[in-house]
Amino acid sequence: MLRIENLHKRFGNLEVLKGVNLSVKKAETIVIIGPSGGGKSTLLRCINRLEEYQSGKIFLDGVDIQQIDVNKLRTRVGMVFQQFNLFPHMNVLQNLILAPMKVKNMPEEQAIEKAHALLQRVGLLDKIYAFPEQLSGGQKQRVAIARALMMDPEVMLFDEPTSALDPELVGEVLEVMKNLAESGMTMLVVTHEMGFARDVADRIVFISNGVVEEEGPPEQILKNPQKQRTKEFLRRIL
Ligand code: ADP
Ligand code: MG
C-alpha cells in the first residue's frame, strides 16, 4: 500500500531524514516511536506532501506520489494532527461535509448522510451542531478523525493524536483508533502510548536521527530490542 525508499529531507542545512526505508501493507497498523526531533512528523508530512523532499521515493499503491495530483493524494491519505485543526467558525457537520463537497463534488445530501454515519461511529452524533469550542479535546479529536474519514482515505496518518489531551480523554480517542485499525484501515501512528502500540500495532518502527533504527512486532521491540538506541529510548519512556 505504501513504500518509502531511501527518503532524504533537509531543512536548509539541517538533514532531518537521512534515508528512510519503510513498507506498509494494506490494513497494517504501524506505530512510529522515537526521540523528539528525530523526524517522525516530517516523515508523515512527506507522505501527503505537506513537505517536499530532496531525494528518495514514496509509492502509494505502486504509484510514485509525485505523479499524483496533490489534492487527490490528500483525499487518499488522511491526516490527523496533535492540534485537531478543526475550522473554529464551523459546526461539526460543516467541518465534516466541506471537503467532500468541495474536493470530491459529493452532493450535500449524501455528505450529510455520511457525516451522520461517521459521527455515530465515533460516538458524537449528539454533537453534530456543536462548534469546536464547545467540545472537549477528546471530542475534537474524534471529530477530526471522522472528518478525515469522510474522504474514504486508503491510508490514515496520525501525528501524536493524543499528546495535547488531558490524560482522562486519551482513552476515548485511542478506542476510536483501535476500532478503525480493526476495521482494516491502513494506519501510521506516531504515538508514545505504549499500551496502544502493544495492543494494536502490527509493527513498531523506531525512528532516530533521521533513519529507521529498528522495526519489528511489538513483542520483539518492547521486550527484546536489538539496538542500543532503542533500548535507551524505551528505558526512558516506559
Ligand atoms: P519529531 O516529530 O520526531 O519530533 P520533526 O519531524 O518535527 O521531529 O522535526 C525534525 C527536525 O526538523 C527538528 O530538528 C525540527 O526542528 C526540524 N524541523 C521541522 N520542521 C521544520 C521546518 N519547517 N523548518 C525548519 N526545521 C524544521
Ligand atoms: Mg513530531
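Author: What follows treats a pair of helices and then a pocket. This is a predicted model, in which local features need pLDDT of at least 70 and side-chain atom pairs count only at pLDDT 80 or more, while totals for chains, interfaces and linings use all residues. Residues are numbered from 1 along each chain as its sequence is written, chains are lettered from A and ligands numbered from 1 in the order in which they are written, and side-chain values use heavy atoms, with hydrogens and water left out.

Reader: At what angle do the axes of α3 and α5 cross?

Author: Two packed helices are described by the angle between their axes and the distance between the axes. Here the axes of α3 (residues 92-103) and α5 (137-149) come within 8 Å and cross at roughly 25°, which makes α3 roughly parallel to α5 (angles under 35 degrees count as such). The contact, meaning heavy atoms within 4.5 Å, is made by V92, N95 and L96 of α3 with V143, A146 and R147 of α5.

Reader: How much space lies in the largest pocket, and which residues lie nearest its centre?

Author: Rolling a probe the size of a water molecule over the atoms shows where empty space is left. A pocket is an open set of points on a 1 Å grid, where a 1.4 Å probe fits, with protein on both sides within 12 Å along at least five of seven lines, and lining residues have an atom within 4 Å of a point. The largest pocket holds about 610 Å³ of space, and among its 21 lining residues R74, M79, F81, A99 and R147 lie nearest the centre. Helices α3 and α5 each supply at least two residues of that lining.

Note on methods
Axes are lines fitted to C-alpha atoms, for helices over the stretch in contact, and angles run from 0 to 180 degrees between N-to-C directions. Helices (H or I, at least four residues) and strands (E, at least two) are DSSP runs, numbered from the N terminus. Grid points are joined across faces, edges and corners, and a volume is the space filled by probe spheres set on the points. Angles under 35 degrees count as roughly parallel, over 145 as roughly antiparallel, 65 to 115 as roughly perpendicular and the rest as oblique.
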